[in-house]
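Visitor: I am new to this structure and would like to learn how to read its salt bridges. Please show it to me first.

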Amino acid sequence: IEAEQQAAEARRAALAEEQAAVKKVEAAAPPAAVPPAQEVEQVFPQFTFTVRNVTRSQLIRIREFMKQEGIQYE
């Protein structure tokens, strides 16, 4: 019984030390920056753009990018 009591006391002491260390670190650390509210992206029903002076491989990469992002195109 005494061994269990000593083990419990050791656990309580270790927990108290850990909490004290956490408080020290929190006090020394700069306050966390609050992230800005996430902006809702505007969805454009239709958007037209022109690509000039482009190679075939570049066009393929543009097409693959739009597929990857789920952008519908014609």
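Guide: Start with a term: a helix here is a DSSP run of H or I with at least four residues, and helices are numbered from the N terminus. Keep in mind that the model is predicted.

Visitor: What counts as a salt bridge?

Guide: A side-chain nitrogen of Lys or Arg has to lie within 4 Å of a carboxyl oxygen of Asp or Glu. Searching the whole structure gives 3 salt bridges.

Visitor: Which residue does Glu9 pair with?

Guide: Glu9 pairs with Arg12, and their closest N and O atoms are 3.1 Å apart. Both residues belong to helix α1, which covers residues 2–28. They are 3 residues apart, about one turn of the helix.

Visitor: Is Glu9 buried, exposed or partly exposed?

Guide: Buried means under 20% relative accessible area and exposed means over 50%. Glu9 has 43% relative accessibility, so Glu9 counts as partly exposed.

Visitor: Which residues are linked in a network of salt bridges?

Guide: The network links Arg63, Glu64 and Lys67. Between Arg63 and Glu64, the closest N and O atoms are 3.3 Å apart. Between Lys67 and Glu64, the corresponding separation is 3.9 Å. Lys67 and Glu64 both lie in helix α2, residues 56–69, and are 3 residues apart, about one turn of the helix.

Visitor: How is the accessibility of Arg63, Glu64 and Lys67 classed?

Guide: Arg63 is partly exposed because its relative accessibility is 34%. Glu64, at 37%, is partly exposed. Lys67 is partly exposed, with a relative accessible area of 47%.

Notes
Residues numbered from 1 in each chain as written. Predicted model: local features only at pLDDT ≥ 70, side-chain atom pairs only at ≥ 80, totals over all residues. Heavy atoms only, no water. Helix = DSSP H or I, 4+ residues; strand = E, 2+ residues; numbered from the N terminus. Buried < 20%, exposed > 50% of the residue type's maximum accessible area, 1.4 Å probe, protein only.
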